[in-house]
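Here are a few exercises for you to work through with the structure in view. Try each task yourself before you read the solution.

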Amino acid sequence: PDGSLLLYWTRRSGGASVGGAAYVVPTAGGEPRPIHSDIQLNVPPIWSPDGRAVLLLGARAGVLDCWIAPLDGGAPRPTGFLQWVQRHNIRASLEAPGFSVWTGDRLLFTAGHGDANNLWETTLHAGTGQFGEPRRLTSGSTVDTQPAVAGSRIAYASLMVNTDVWSVPLDANQGKVTGELRRLTSSVDVDAHATRPLSGSK
């Protein structure tokens, strides 16, 4: 946050099942330094508001949690993230995993609830490591992610995902499209796996 260090993460090769690691590197140049390499990260890390720690979501000694990890080498502090998520009936979003912004005691993140993946906020005190009550900021069937705070406003990306059934006339012998594409369904539900009888009469 003071501009002297950059925080980044590296996902190790081997697929999604292999965790990543967090590093800091001086902006003026120098060697990258790993941040608690014993934590196998699932998502990118973020800074604490005061810049003295980072928030790491991953597994340490087989325990998956959200850890507040001091930059001075002190032991990472677990927050009980999984129990908190389960208690409030929300889930980490696979479309946009991880936390996004931690400013003051305010933490913004994308989470799933029902069939939606919206922006949420909660409080997280760096000293106690305790989460507050979650509050949904956006609604609808979009995937809302990558928030940025600018004064009293929040900017974010929103992805609309809608699966419908379409029809297009095709010359099967020549493998060519012979007409216009036409939408057959239009709903917020996932419409898929369209079939017709083998006789082709309907």
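**Exercise 1.** Find the bridge partner of alanine 59 in strand 7, then describe how strand 6 and strand 7 are joined.

*Solution.* This is a predicted model, so keep in mind that you are reading a prediction.
- Step 1: In strand 7, alanine 59 has leucine 64 as its bridge partner.
- Step 2: Now look at the whole pair: strand 6 and strand 7 run antiparallel and are joined by 8 bridges.
- Step 3: Follow the chain through the turn. The two strands form a hairpin with 2 residues between them, and alanine 61 in that turn has a positive phi of about 55°.

**Exercise 2.** Why can strand 6 be called largely enclosed by the rest of the structure?

*Solution.* 
- Step 1: Recall the cut-off: a residue is buried when its relative accessible area is under 20%.
- Step 2: Strand 6 is largely enclosed because 6 of its 8 residues are buried.

**Exercise 3.** Which residues of the largest nonpolar core touch the most other members, and which elements give two or more residues to this core?

*Solution.* 
- Step 1: The core has 19 residues, and Leu55, Phe81, Phe99, Leu107 and Phe131 touch the most other members.
- Step 2: The elements giving two or more residues are strand 6 (53–60), strand 7 (63–70), helix 1 (81–87), strand 10 (99–103) and strand 11 (106–113).
- Step 3: Take phenylalanine 131. Leaving aside neighbours within four places in sequence, its contacts include Phe81, Phe99 and Leu107.

**Exercise 4.** Is tyrosine 8 buried, partly exposed or exposed?

*Solution.* 
- Step 1: Locate tyrosine 8 in strand 1 (residues 5–11).
- Step 2: Its relative accessible area is 31%, so tyrosine 8 is partly exposed.
- Step 3: Beyond four places away in sequence, tyrosine 8 touches several residues, among them Tyr23, Pro32 and Pro45.

Terms used. Residues are numbered from 1 along each chain as its sequence is written. This is a predicted model: local features need pLDDT of at least 70, side-chain atom pairs count only at pLDDT 80 or more; totals for chains, interfaces and linings use all residues. Side-chain values use heavy atoms; hydrogens and water are left out. Helices (H or I, at least four residues) and strands (E, at least two) are DSSP runs, numbered from the N terminus. Buried means under 20% relative accessible area, exposed over 50%, partly exposed in between (1.4 Å probe, protein chains only). Contact means heavy atoms within 4.5 Å. A nonpolar core is a set of buried Ala, Val, Leu, Ile, Met, Phe, Trp, Tyr and Cys residues joined through side-chain atoms within 4.5 Å. Two strands pair if DSSP finds at least two bridges between them.
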